[in-house]
Amino acid sequence: MPAAPTDAVSVFPRVIVDESHSNAWSLDEEVAARINPAQPADASYALAAAALRHRGFEVLAHAQGSLSDAGLGAGDVLVLAHPAAVGSERASGSGLPLLAADEIDAVEAFVRAGGGLVVLAECDQDKYGNNLNDLLARFGLHVRSVTCHDGTNRHNRVSAWVLADLGGHAGQGLLAGVGQVCFYRAGAIDVVSESGTSRGPDGDVEVFARTSPQAFPPSAPLAVAARAGRGRVVVFADSDLFGDDSIEELDHRALWVNAVTWACGAAPAGGSGPVPGAHYATDPRWLDLKAAVEGIRPMQVKDGSIPDARTHDQARELVARIVAGIAALAPDFPHDQGYLSALQIDFARWADSGLGVPDFLDSLMKFRPELSRADGVVHLVVFPMYTQNGNPDRNVEAVLCSVLWPDWLADIERDFDNDAFLSINFIDFTSGYDTNSAVLFPETVAVREVPQFTWGAIFSDREAARFRTVTAAAAHLLKLDLPPDAERLVSHQELAQSVFAMWDLIHDRTHSHGDLPFDPFMIKQRMPFWLYALEELRCDLNTFRQAVILEGRGQPFAKAVQYAIVFDRIFRFAITGDRVRNYDGLGGQLLFAYLHSRDALRWTDNRLTFDWRRVPEAVVALCDEVETLYRSGIDRSKVGHWLATYEFVSSHVAPHPRSVWAKGADALPLDGPPKGLVDLVLPDEFPLNVFFEALRKKLAPVVEGTKGITGVTDGSRARTAPVEPTPVHA
């Protein structure tokens with residue numbers, strides 16, 4: 001069994017399974033064997049618990065004592081699995097099957113305050129001596145005492161084994177990855193309301209599984225999901241479908257994980273937990289340093305120099321304040337002592353030498369954050385630098401950041417060796433980072449010569465916050481019914497930060513691994529921009545492939561990494577930036593087109609849907625095709641490889657109608673230098689299709705609004721991503 005993440009504040013829910021009310025099921029296989037010696041699997045939920053733990057959940061049994069307020073407060077979801085009086089059913093015999101009045105009150109209060117409740121009832125409900133219906137009445141629900149039969153839609157030719165009608169929502173939302181489910185001797189669920197409609201006292205109640213119109217009783221609800229206050233309730237009219245002897249049949253495992261995940265809710269309100277070092281954002285020493293940096297930035301020109309001699313006296317005063325601020329803060333950062341000392345010297349030398357083009361090579365070589373990869377380490381970073389995807393000028397910037405490096409991420413890095421990679425979060429920053437920049441790279445610093453770099457850092461909180469904002473807006477606009485675990489990812493900043501740290505680590509490492517027919521770090525070379533698109537996409541596709549493998553091994557963040565890659569590539573990358581050689585946008589266009597061609601993605605009736613069972617195999621298939629393209633590229637000339645890659649991309653994404661490249665080799669000046677071929681590439685060689693054009697118009701304000709966003713919930717500048725609540729089915 002995989003170990004749970006070792007974060008101080010877990011991002012995964014805690015599930016409490018009640019075993020104190022003479023329940024017919026147990027998480028403990030030994031207890032299950034005592035309940036049903038002839039067939040222990042028919043009394044065991046051990047595999048159901050394992051399926052949740054596989055996704056990072058903590059699963060605990062509540063074997064003794066009352067379901068009090070205090071006990072429930074320690075969990076996120078309560079599971080009540082078929083309480084039954086001894087003699088009416090094989091049961092544990094622990095306690096009575098009746099919930100006491102104060103327990104019903106406590107459970108209701110727990111749910112309305114934001115907790116989740118999963119109730120597993122049975123056929124002929126009244127004979128078991130429990131009072132689940134007294135609890136369910138609080139939420140406008142009632143389990144009817146009946147045994148459903150269906151002579152047509154049945155499993156293994158048993159009429160009491162009813163194959164559920166999942167309606168038009170099969171495979172989407174709560175039913176993501178679910179195509180077929182069997183209820184073994186089930187009751188039926190009534191939605192109780194004064195109006196007689198499918199609205200409970202708290203709002204919509206969604207029936208997501210029912211009997212067929214040919215069954216007895218016809219079209220009867222077998223499973224429902226409801227909201228109650230801030231919490232959620234899921235009720236099944238059968239408990240056998242998740243027992244050890246049934247959970248691996250059909251799509252029961254997926255349904256179980258989805259139901260519990262949905263019940264636990266999207267996330268607590270707000271963003272991430274407290275950021276290590278957050279207090280520095282209001283520290284007077286930092287605020288004075290930051291003000292001095294902001295004061296000197298307008299005096300600088302593109303190369304970082306200050307050519308206007310009339311401002312030199314004021315600039316030197318500001319440099320002195322910057323140096324004093326660094327000196328005042330330096331004792332708080334002993335791990336950066338050598339760097340901060342050298343930094344003061346570099347600033348003083350710059351001021352003394354006339355404020356020309358700055359050279360901070362000496363201090364840059366002393367800054368080695370990759371040597372302090374420990375969770376929560378705080379760094380003060382001050383350099384004349386440009387910010388990638390942000391400010392193109394080499395202005396002085398100051399950043400406070402904390403390292404995101406929990407034990408589980410260190411374990412991932414041991415398998416995907418990348419000793420130069422660093423995941424960081426913002427604490428505070430100057431104007432150059434009030435942009436789309438989400439990286440801290442040494443190559444952006446003003447230096448006299450280019451050294452060998454030993455580290456590169458990604459701001460996981462900004463990447464996560466942008467992803468959450470854009471994906472939430474896209475899902476709402478496109479009527480995309482998110483799977484419960486994807487909904488939680490989009491709603492939970494701390495979870496998303498962890499996911500992006502894992503994604504970026506594996507992606508970054510992939511640039512230097514595999515069959516590489518050209519320099520993977522070719523951004524400064526003059527080549528057709530679709531080669532950059534393929535390289536970035538290749539790294540993401542390989543990350544997706546590894547995430548599929550890791551998911552199978554029980555890595556709890558791996559599934560969310562897959563969602564993040566698909567959604568961010570399609571929703572954000574494809575429509576961000578202008579259309580001039582937009583290689584990240586092209587990668588998103590290609591992924592969308594490939595999934596569409598494989599029927600893993602559909603745009604029908606102005607609604608976007610995914611076939612989540614097909615998505616992994618389709619993405620891995622695209623990965624295989626790109627890898628084959630790379631591998632065969634080793635045997636081609638440079639120009640031959642350019643032509644082959646163009647043919648590959650254009651087979652999925654339609655080129656511009658006026659493209660010379662689209663006319664083929666005969667239309668290209670192949671006898672001349674390669675530069676002539678690059679000159680013929682149109683700025684927008686692969687325009688957006690009609691889907692993306694419409695998406696871009698609608699989401700452009702949302703994308704623009706993510707400028708400067710972080711995951712921090714306090715501070716005047718930093719802000720977290722807003723997320724709208726998602727219905728059971730859109």
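Two strands are taken to pair if DSSP finds at least two bridges between them, where strands (E, at least two residues) and helices (H or I, at least four residues) are DSSP runs numbered from the N terminus. The model is predicted, so that local features need pLDDT of at least 70 and side-chain atom pairs count only at pLDDT 80 or more, while totals for chains, interfaces and linings use all residues. Residues are numbered from 1 along each chain as its sequence is written, and side-chain values use heavy atoms, with hydrogens and water left out.

**Sheet**
- Strand β7 (residues 158–163) runs antiparallel to β8 and is joined to it by three bridges, with V162 standing opposite F183 in β8.
- These strands belong to an open sheet of three, ordered β6-β7-β8 with antiparallel pairing, in which β6 (154–155) and β8 (182–184) are the edge strands, each pairing on one side only.

**Helix α15**
- Just after α15, G554 takes a positive phi of about 90°.
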